[in-house]
Amino acid sequence: MCGIAGIVANSEVSGSLYWALYALQHRGQESGGISTYDNGIVHKYKGYGLVSEIFTSSILEKLSGKTGLGHVRYPTTGGSKPENIQPFNFLFRGHSLSIVHNGNLVNTDELRYEYEGRGHIFSTTSDTEVIAAILANEIIHGHTVVEAISFCMRSIRGSYAVIFMLDGVLYAFRDPLGIKPLCLGEFENGGHIVASESVALDAVGAKLIRDVAPGESIRLMADKVYPHQIMTAKSPAHCVFEYIYFARADSVIDGISVYKVRQKTGFLLAGESPAHADIVSPVPDSGTAAATGYAAASGIPFREALIKNRYTGRTFIMPTQAKREMAVRMKLNPVRGHITGKSVVLVDDSIVRGTTSRRIIALVREFGASQVHLRVASPPIIAPCYLGTDFPTREELISHHKSVEGVREAIGATSLAHISLDGLVKAIGLPCSHLCTGCLTGKYPLAIDGEDEDPRGIEMIDPYKNPEP
């Protein structure tokens with residue numbers, strides 16, 4: 001998972017891109033970068049760290065231009081290497097191309113092999129460079145940008161939200177299943193923004209127009225947006241983990257409030273799996289909305305048993321297991337008066353590896369809780385994600401090889417219960433057939449070697465019949 005943003009405006013965009021990426025920091029903490037276009041020159045800067053650590057006011061001033069794009073990275077395909085920090089910037093046949101990508105392709109290796117056979121040399125190990133190679137190759141051979149995007153979408157398989165800048169013109173496209181989020185906004189004084197989540201639009205004072213449709217490409221100008229439907233699917237497959245954990249609670253994704261989804265999961269979870277306890281407490285911050293719902297439905301008082309240190313990152317997306325374990329005590333500290341001698345319901349968003357849950361429960365017990373009932377606002381995660389979330393093997397998923405009771409024993413909880421898949425789907429408000437639930441069911445919305453498929457039926461639209469305006 002990564003965060004991406006692109007802006008075209010009537011004034012300098014580097015400052016707005018900075019704040020957009022700042023708002024998307026939860027989607028990636030490893031690295032970030034910005035590229036802008038000004039009078040035929042691409043200005044670029046990127047590095048390791050948080051957005052606030054990478055960019056200074058003097059750096060932003062040098063990133064001149066009224067068009068630009070940016071990226072915050074959470075490494076999946078390609079690993080953590082300096083050359084994989086985005087945006088990627090290329091020069092070819094008199095063109096400049098800058099590109100950012102959120103997602104994960106499942107046919108990267110075969111595409112790299114094909115294009116290497118044509119003489120293409122790759123300088124990174126990222127699947128994003130494969131997307132860039134396909135686009136550039138089509139443009140070199142005289143195809144329009146829409147035709148290049150169309151061919152690219154026919155070639156790549158997986159999850160993707162892509163923004164690219166070709167000779168200072170901004171484009172974006174989204175995979176035909178809409179697995180990764182991408183939304184479009186406009187500025188009051190002219191200009192447009194496209195970004196992973198609506199919180200990026202809020203941060204820069206832009207109005208949310210709509211989500212980029214699955215299978216759609218758009219060309220953004222300061223005064224107008226040109227849409228072009230490239231592909232359609234029988235039904236979308238929006239990533240269920242966006243609603244469970246990844247998106248910020250104050251985002252609206254595909255027309256749905258993430259906060260309301262999480263609150264409703266807690267409300268339904270209280271009915272499915274009640275507990276006798278003195279307080280309901282969230283594991284902050286991603287469990288907070290669900291905990292308020294659980295408390296409201298159960299009548300048990302809501303109290304914060306744990307206080308989060310706001311200057312630590314998200315433990316799940318930290319790059320190594322050792323760092324995730326070290327971060328838990330730095331990140332959370334108990335409120336002794338709320339938990340000493342009390343039976344506590346802890347509400348969390350998910351259990352992936354079990355490391356964080358085990359340490360949190362031990363921490364709450366250490367400070368005097370008599371019982372710790374863990375309630376989880378997602379079903380057990382039993383299968384890998386091949387589409388951009390960092391649990392790529394079954395072996396590292398605690399719920400794959402343990403029953404709910406086995407997980408309870410491993411993490412030290414008094415009791416453990418997950419919301420049902422039906423309950424989660426009801427909370428989201430979309431049919432299950434419109435969601436990617438591969439990590440919860442082991443069935444994926446597209447073909448992946450060795451895995452069960454829940455096919456969605458993707459249809460290509462001929463770009464020659466509907467040329468770009």
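**Exercise 1.** In this predicted model, find how many bridges join strand β22 to β23, and state how the two strands run.

*Solution.* Start with strand β22, residues 371-376. Four bridges join β22 to β23. The two strands run parallel.

**Exercise 2.** Give the strand order of the open sheet and name its edge strands.

*Solution.* Step one: the open sheet has four strands, in the order β18-β21-β22-β23, and the pairing is parallel. Step two: look for strands that pair on one side only; these are β18 (279-282) and β23 (415-418), the edge strands. Step three: between neighbouring strands of this sheet the turn is 20° on average, with direction ignored.

**Exercise 3.** Which strands do helices α13 and α15 lie across?

*Solution.* Helix α13, residues 355-366, lies across β21 (343-348) and β22, and runs at about 150° to β22. Helix α15, residues 404-411, lies across β22 and β23, and runs at about 130° to β23.

**Exercise 4.** Compare the span of α13 with the expected value, then list the buried residues of this helix.

*Solution.* First, count the residues of α13: there are twelve. Next, take buried to mean under 20% relative accessible area. The buried residues of α13 are then Thr355, Ser357, Ile360, Ile361, Leu363 and Val364. An α-helix has 3.6 residues a turn, so residues three or four places apart point the same way. Finally, look just after α13: glycine 368 takes a positive phi of about 105°.

Conventions: Residues are numbered from 1 along each chain as its sequence is written. This is a predicted model: local features need pLDDT of at least 70, side-chain atom pairs count only at pLDDT 80 or more; totals for chains, interfaces and linings use all residues. Side-chain values use heavy atoms; hydrogens and water are left out. Two strands pair if DSSP finds at least two bridges between them. Axes are lines fitted to C-alpha atoms, for helices over the stretch in contact, and angles run from 0 to 180 degrees between N-to-C directions. Contact means heavy atoms within 4.5 Å. The expected span of a helix is 1.5 Å times one less than its number of residues. Buried means under 20% relative accessible area, exposed over 50%, partly exposed in between (1.4 Å probe, protein chains only).
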